[in-house]
Every structure is written in structure tokens, then in C-alpha cells.
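Student: I have a structure I'd like to talk through with you. Could we take it one question at a time?

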Amino acid sequence: MQFQVLATCPITRARACTMTLPHGVTALPTFMPVATQAAIKGLTPQQVEALGVTLILNNTYHLNLRPGIKILNEAGGAHKFQGWRHNLLTDSGGFQLVSLNKFTKITEEGALFSSPFNGEPTMLTYIYSHAIGADIMMQLDDVVSSLTVGPRVGEAMWRTIRWLDRCIEFHENSGKKDVQNLFAIVQGGLDPVLRDQCLDEMVSRKDRVAGYAIGGLSGGEEKGIVKQCTDKLPADRPRYCMGIGFAEDLLVCVALGVDMADCVFPTRTARFGVALTHNGPLNIRERQCPCPTCADGTSRAMLHHIVTLETAGAHALTQHNIVFQARVLGDARNAIINGTFPAY
């Protein structure tokens, strides 16, 4: 991976960068649409590509369950499996281990869970992200809810560090360092002391990871933890805030020095008939939007008519919302380069 900072804001910590990966260049800051099970619901890879998207996210937990690593390997990796020609990031699977914790037991070797489909026990370890074949792999981390307090938070943070060391060792011996890039994930809940301890440990491994993520947040928290992390993370590595999707949160995080974000919010809310606009969520259609739905002249009345009746309505709003997120951060990037980000 090649990472280059092109411009920085003199007032905030916002920055415009480029990240060159095996499947092309991604301009930062960027928002990654979530293709949980190797597909963005309702869209083909060609449609997503036509929207200008260069980096999407796949879910390690779900791909491990279905179709499974064996089929992915036989298909030639996740890119070929889903027909995606651009950059791909696989998340850690940690969030699902929280949201589906009744199926999960955390051990030192990994996360042992029962398949919600057939009850079959499966161990999720650091090996699976390598097998999927993404350009960027998030380390396996032990995630707890941001509302969790007490010794479990520290236990999860230190286990995440130990798991990072195993991920690094496996990655360095995999023979894939030239085509896959490992990111570390900073944990520690909402405890600033634990976050600092984790940051110190993660930064000490800087020469062995390609980038960093801020994990364990769900988007609605105060952004003090994000600032604490970006203040300490190396300036010559990309910074990814996991699970951030509201436009306001995206811009606050960019101002704090975050380069990448992801969330299911824009695509999921589209399936409920909500279009994202610069004036807030709308039930439906924004003027001067370049997405296919708006540019082709689809009327708001038509969208309102079909959105809960025909899947085409959800598909149309999904395209719009993905383009909206891209515009928010694309315009932020232009503003950083032009020196007008605070006004933006």
C-alpha cells in the first residue's frame, strides 16, 4: 500500500490523501458502502462501480458462514467471487460477535460461535480475513458494547492487542504482504486510560501494520475518544473510524483527522424509503444530485409510489444514498485541498 497526504486543513485536523492498493487508487476521505455478504443489497457490482465507488466493505463473520472459505478459495478470492474489480476491505467480524453474543464464546484462540443457521460450532480466528483475499484486512478484535464498563473492557482491549500480534505474525509469514494490508484496531471502550494504553501498544507496532482503525464505537457517542485516537495515531498511516454513517458524524470525524468510515445506514435506510439529502433525511428526491435516480428525472411521486411496493424503489434510493455519502466526503476533500474546509 502507498499512502500520501496531499493537503491538510490549517485550522482542523482534516486532510486529503490518496491510498494506492492492489486494485487501484482510493481518494480519502472516503465512505465505504457495506456489502455485508459480498453484495450491496439490490445493486450489481457494475452499478456500484458506475457510482464512482472504489472501496467497499465485506463482512468476515458472514462470509465465513456463507458461502464459506472453501468456496471463496475455489472462486479465486472475494474479488472474483463477487465480480468486484476495485478495492475491498474486510472487517474484523467483531461487531457481529457483540450483536449476536448469545451465539458466541470468546476464547484466547478466537471467537467460538454457533451458526445462527444450523447451530454448527465455528471458530473465528485471524486466519479467515487472509483467506477472503481483501486488499485491507482488519485484525481480529475482541469488541464489547460501548456501554460496557468494568474489567471486561480492559480484558477485551488487552486480548485485542494479543490477537494483533498473532495477526501480524501470520500475515508476515503468509507470503501476501504485497497484495494484502493489515490494519490494527484501537479498543478500550469509553475509558480514556484504556484507550491510551491501547494506542501506545498499537503505535509501537507501526512498522508492522499498514493502517489503524478506531473501534468499539457505535456512532452516537461524543467524539472525544475519536480525537484522543487521531491525536496519537501516526500521521503517515490511514485512519479508519468504524461504524460511522450520519453525515454530521462523518464531517466531525474528518475534522478530527479520520480518513475512512463505513456504516450500513445509507443503504439500510434506503430500503425503508428514506433518501439522504443536504437538508436531512427525506421521504424522497434531491435536486441537483448526479446519482442515476435523480439525474434520470425519476419523480418524487414515482419513488413514493413504488418504494414500499417494488424492489426497484429501494434500488433507486440505494444508489442515491451511496452517491450522497460520496458527495459529502468528496466535497469535503475538495474543500480541504482548496483551503475552505472550515467554511464547508
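Student: Where does P33 lie?
Tutor: Happy to start there, keeping in mind that this is a predicted model. The strand β4 covers 30-32 and the helix α1 covers 45-50. P33 lies in the loop between β4 and α1.

Student: Is P33 buried or exposed?
Tutor: Look at the surroundings to begin with: P33 touches I40, V53, L55, I56, L57 and I322, leaving aside residues up to four places away in sequence. The C-alpha atoms of P33 and C263 are separated by 6.9 Å, though the two residues are 230 apart along the chain. Buried means under 20% relative accessible area. P33 has a relative accessible area of 3%, so P33 is buried.

Student: How far from C294 is the nearest cysteine sulfur?
Tutor: C294 is also in no disulfide, and it is buried with a relative accessible area of 8%. The nearest cysteine sulfur belongs to C291, at a distance of 3.8 Å.

Student: Which element gives the largest share of the lining of the second largest pocket?
Tutor: That pocket holds about 290 Å³ of space. Its lining has 19 residues, with T30, G52, V53, T54 and A326 nearest the centre. The elements giving two or more residues are β3, β4 and α14. The largest share, 8 residues, comes from α14.

How values were computed: Residues are numbered from 1 along each chain as its sequence is written. This is a predicted model: local features need pLDDT of at least 70, side-chain atom pairs count only at pLDDT 80 or more; totals for chains, interfaces and linings use all residues. Side-chain values use heavy atoms; hydrogens and water are left out. Helices (H or I, at least four residues) and strands (E, at least two) are DSSP runs, numbered from the N terminus. Buried means under 20% relative accessible area, exposed over 50%, partly exposed in between (1.4 Å probe, protein chains only). Contact means heavy atoms within 4.5 Å. On a 1 Å grid over the protein atoms alone, a cavity is a set of points where a 1.4 Å probe fits but cannot get out, and a pocket is an open set with protein on both sides within 12 Å along at least five of seven lines; lining residues have an atom within 4 Å of a point. Grid points are joined across faces, edges and corners, and a volume is the space filled by probe spheres set on the points. A disulfide is a pair of cysteine sulfur atoms within 2.5 Å.
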